[in-house]
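Subject: Structure handover

Hi,

Here is the structure we talked about, with its sequence.

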Amino acid sequence: MSTLIRCIEGHVYDRDKHDACPECGAVPAETKKEKGRAKEVAENGKAKTAVPSAAKPSLNSKTIALGAAGALALGLVGFWGLSSGPETPAEKTEGEKQSVATLTDKDKTEDDKPQDNKSPDDASADKKQPAKEDEKPKTDTDTQSDNTDKKPDGDNTKPGSDLRKAELKDLTSAFDSKDYAKAWKQAEPLIEAGEPAAIFLKAKMLHLGLGIQESPLDAAKLYQRAAELGESRAMNNLGNLLLAGQGLPRDDIQGADWYRKSAETGHATGQYNYAWVLERGRGVPKDTKKAYTFYLKSAEQGYAAAQNAVGRMMTNGVGTSRNDVEAIKWVRKSAEQGLALGENFLGVMLSGGRGTTKNESEALFWYEKAAKKGFSSAQYNLGNAFRNGTGIDKNYVQALYWLEKAAAQNHALSMNVIGLMHENGNGVQRNKRQAGIWYAKAADLGNHYAQANLAFLLSKGGSGITRNYALAADLFRKSAMQGNSVAQRQLGNFLLKGRGVTKNFEEGVSWLAKAAAQGDKPAQKALRSRNINYDATGKVQPERMR
């Protein structure tokens with residue numbers, strides 16, 4: 001196999017045959033960079049390395065507005081108020097244990113417990129969490145050439161003669177066998193003859209760095225040339241580069257338009273991507289009905305990501321009428337093709353009995369398939385099943401194994417559950433400080449359960465955690481603003497009592513009303529005791545305020 005490379009003067013040559021460019025004698029561009037890097041390392045003594053660890057998450061200071069000076073003034077290690085005490089707190093006497101609690105007995109309720117996540121993670125696109133790989137626009141970037149005899153991806157271009165067709169067949173054969181040096185050489189005369197498929201394959205090599213240095217700019221130029229000649233795959237990939245601002249200035253409108261052009265040729269990937277931008281309003285007016293239509297067109301051609309998207313929209317009743325029975329059929333199609341997103345979603349539907357009979361054991365089967373592919377939502381769902389003994393014997397060791405794998409991918413729900421396990425002593429020694437570290441990690445990612453859980457630890461203090469009402473109030477507010485009813489009630493109580501915040505009766509009552517409207521019984525009781533009424537939206541009736 002040969003490896004093509006570009007020298008610093010821009011000439012392309014085979015690196016395996018020549019140490020320097022045969023045309024000008026220049027060294028490869030990357031060698032120049034590597035020498036510069038080696039010099040930099042030598043000057044600095046050694047390169048800096050960072051080793052992330054799921055088991056020992058660091059605390060991120062960005063979520064607390066106090067800043068370093070404020071933290072030091074409070075005598076904290078880290079902005080969350082976690083002390084540098086022992087990992088495992090020493091045993092306390094009964095009197096010491098009671099003195100740790102900050103809330104009075106009448107403040108405490110059964111709801112003042114660490115909050116678990118309420119449901120499985122179905123990795124839906126509408127959730128406020130990092131986008132999953134399978135919910136992003138797709139590029140025709142597999143290493144197969146999509147042989148033009150089969151045209152599975154909607155390539156409507158045709159060779160101009162039998163001779164050119166034979167040359168193109170040789171080119172695709174070299175590309176599919178990963179002999180990229182040969183493919184590059186065979187592409188040149190076909191490109192000069194204006195063959196769109198050859199232009200596309202050369203662009204793909206530059207786009208992915210297949211046998212040559214990656215060059216999004218050069219790839220974009222070739223994709224555009226092929227796209228203007230009617231190559232549907234090039235249209236799709238050009239749209240991707242424009243949306244990502246890769247090789248070209250970002251332009252959502254132009255990118256969406258190339259998706260549309262690709263979709264209108266019948267190209268399944270282009271149809272999926274055009275639906276994707278329509279669903280989100282990226283470069284086009286948001287239109288979920290039209291998005292559903294194009295997802296369905298792509299799904300009917302067997303495109304797995306589109307099949308899952310059709311099922312998701314049917315399940316949520318977005319862009320079409322809600323139909324769980326039909327939805328699970330589409331989701332199963334995507335799962336059976338090996339799409340991790342579909343495998344996980346099918347597990348969620350089976351676990352919840354959505355569109356089918358509830359089947360926890362089959363749900364676990366699909367969770368495991370997706371989890372083994374590294375899909376974080378499935379790893380979380382599988383770990384949670386082991387933790388709760390859902391459809392399988394309870395096993396905390398297995399639960400932590402899968403949850404930590406998901407947490408290593410910044411899966412906030414998993415971090416919160418690991419925190420719960422440390423706080424409750426599930427499969428590990430009970431350690432509130434370690435729980436706080438995990439809650440802090442998830443809270444930084446915006447998880448409202450973790451924000452509330454960390455706030456409770458900070459308001460109570462003890463076990464290696466410095467009590468801090470101000471930080472607890474800030475976290476309760478962050479969680480409350482995301483609709484967490486327990487956090488809304490606690491924030492209301494803090495405001496009524498001036499705990500960590502300036503006392504404010506009206507605002508405190510307002511937050512209690514929001515919690516009460518969601519069915520929070522302690523909040524309802526607190527409002528009744530003050531003879532305060534509220535409506536179904538959580539709005540306080542002014543005439544009953546006192």
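Predicted model: local features only at pLDDT ≥ 70, side-chain atom pairs only at ≥ 80, totals over all residues.

H9 passes H10 in a left-handed crossing. H9 covers residues 252-264, and H10 covers residues 268-280. Their axes come within 7 Å. The crossing angle is roughly 140 degrees. H9 is therefore oblique to H10, since roughly antiparallel would need an angle over 145 degrees.

Which residues meet there? H9 brings Ala-256, Tyr-259, Arg-260, Ser-262 and Ala-263. H10 answers with Gly-270, Gln-271, Asn-273, Tyr-274 and Val-277. By class, the contact of H9 with H10 has five nonpolar residues, four polar ones and one charged one.

Helix H7 takes in residues 216-228, 13 residues in total. From its first C-alpha to its last, H7 reaches 18 Å. That is close to the 18 Å expected at 1.5 Å a residue. The buried residues of H7 are Ala-219, Ala-220, Leu-222, Tyr-223, Ala-226 and Ala-227. What covers them? The cover includes helix H6 (196-208), helix H8 (232-244) and H9. After H7 comes Gly-230, and its phi is positive, near 100 degrees.

Next, a loop residue. Gln-482 sits in the loop between helix H21 (469-480) and helix H22 (485-497). Is Gln-482 buried, partly exposed or exposed? Its relative accessible area is 41%, so Gln-482 counts as partly exposed. The cut-offs are under 20% for buried and over 50% for exposed.

Leaving aside residues up to four places away in sequence, Gln-482 touches Gly-446, His-448 and Gln-451. Tyr-449 lies 33 residues from Gln-482 along the chain. The C-alpha atoms of Gln-482 and Tyr-449 are separated by 9.7 Å.

Last, the chain as a whole. The secondary structure of the protein chain comes to 24 helices and two strands. The protein chain has 546 residues, and 47% of them are buried. Take the contacts between residues at least 6 apart in sequence: 54% of these join residues at least 24 apart.

Over to you.

Best wishes

Notes: Residues numbered from 1 in each chain as written. Heavy atoms only, no water. Axes fitted to C-alpha atoms, helices over the stretch in contact; angles between N-to-C directions. Helix = DSSP H or I, 4+ residues; strand = E, 2+ residues; numbered from the N terminus. Parallel < 35°, antiparallel > 145°, perpendicular 65-115°, else oblique. Left-handed = near helix turned anticlockwise from the far one by under 90°. Contact = heavy atoms within 4.5 Å. Nonpolar A, V, L, I, M, F, W, Y, C, P; charged D, E, K, R; others polar. Expected span 1.5 Å × (residues − 1). Buried < 20%, exposed > 50% of the residue type's maximum accessible area, 1.4 Å probe, protein only.
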